[in-house]
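Colleague: I am new to this structure. Could we go through it together?

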Amino acid sequence: MDDHIVTSYEGLEGSKVDISGGEITIVSSDDGVNAAGGADSSGFGGRGGENAHFLSDSGYGITISGGSLNVTSSGDGLDANGSITMTGGTVPVSSTGSGDGALDYDGTFSLEGGILLAACASNMAQAPTSPAQYTVSVRFDSTLPAGTYVQFAGEDQEFVFRLPSPTNHVVFSSPELNSETTYAISYGGAYSGESTGVLCSGGAYSGGTLLTELTISDYLTTYGQVGMGGSKGGSMIGDSGRRGRFGRNGWTGQDGMIGKHGGQTGREDTS
């Protein structure tokens with residue numbers, strides 16, 4: 001099933017949202033995907049108020065096990081008044097709201113597979129709490145404009161993204177990220193391949209500015225500071241750098257590839 005929601009207040013909404021396949025594209029003026037109860041003032045047609053996060057409930061949640069989910073939101077990208085679980089799929093999600101984030105959950109975010117790229121320009125940035133595959137959180141020194149290329153590169157691996165909105169924080173996770181590997185993170189520059197979406201393929205990156213080089217050691221590696229850490233029970237973090245394999249035919253990560261579960265906390269690189 002393919003769904004393209006090109007204009008909406010909230011793209012997909014319900015107490016539980018389960019995505020297992022298909023190709024879904026959402027452009028929303030508030031939250032892209034919202035798992036909340038009817039009392040949530042922005043949920044189920046509500047207007048004029050912020051989400052009532054204090055009404056967090058374990059019965060609300062977002063589950064993604066496959067397919068492609070591309071979200072561009074003015075509010076939160078993925079917003080759960082409970083928890084988020086991801087075991088597969090490809091999920092590029094971005095938020096343009098200064099008081100919102102690409103990821104917003106009140107419980108936990110369990111990440112066990114798939115490809116996740118979450119981008120926002122906010123001090124409300126969150127990342128998965130208990131990833132079972134390697135995940136990187138990067139806070140840039142300044143807000144990068146929409147259309148900027150970002151490269152994660154190392155040991156014959158390359159991931160390149162084209163940011164869909166102004167961004168100062170990125171969370172990236174893929175089954176292709178490797179432990180004890182050093183990745184160079186660069187931004188700007190140019191890309192010669194296909195870049196109509198967020199995830200670029202089939203070309204070469206050049207001319208960027210090096211942000212940092214980071215070595216993956218934990219399931220969640222971070223670089224930079226985000227500010228209002230630890231709110232709403234979620235994992236609020238900064239950034240980290242890593243690099244996955246990116247072939248000429250595009251992203252090589254497979255849905256459902258699960259790493260050893262560790263749920264380790266992030267480590268800030270101070271070098």
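Modeller: A term to begin with: pLDDT is the predictor's confidence in each residue, from 0 to 100. This is a predicted model, and the protein chain averages a pLDDT of 77.

Colleague: What share of the residues score at least 70?

Modeller: That share is 70% of the residues.

Colleague: And where does pLDDT stay under 50?

Modeller: One such stretch is residues 39-55, for which the model has 43 contacts beyond four places in sequence. The pLDDT is also below 50 over residues 227-271, a stretch with 178 contacts in the model beyond near neighbours in sequence.

Colleague: Let us turn to the rings. How many aromatic pairs are there?

Modeller: The count comes to eight aromatic pairs. Among them is the pair of Tyr134 and Tyr219, which is stacked, at 4.9 Å centre to centre with 15° between the planes.

Colleague: Which parts does that pair tie together?

Modeller: Tyr134 lies in the loop between strand S14 (130-131) and strand S15 (135-144), and Tyr219 in the loop between strand S22 (209-215) and strand S23 (220-223), so the pair ties together parts that are 85 residues apart in sequence.

Colleague: Is Tyr219 buried or exposed?

Modeller: Tyr219 counts as buried, because its relative accessibility is 9% and the cut-off for buried is under 20%.

Colleague: What about Phe152 and Phe161?

Modeller: Phe152 and Phe161 form an edge-to-face pair, 5.4 Å centre to centre, with 70° between the planes. Phe152 is buried, with a relative accessible area of 0%, and Phe161 counts as buried at 0% relative accessibility.

Colleague: Which residues do ring pairs link into a cluster?

Modeller: The cluster consists of Phe152, Phe159, Phe161 and Phe172, linked by ring pairs.

Note on methods:
Residues numbered from 1 in each chain as written. Predicted model: local features only at pLDDT ≥ 70, side-chain atom pairs only at ≥ 80, totals over all residues. Heavy atoms only, no water. Contact = heavy atoms within 4.5 Å. Phe/Tyr/Trp six-rings, centres within 6.5 Å; stacked < 30°, edge-to-face > 60°. Helix = DSSP H or I, 4+ residues; strand = E, 2+ residues; numbered from the N terminus. Buried < 20%, exposed > 50% of the residue type's maximum accessible area, 1.4 Å probe, protein only.
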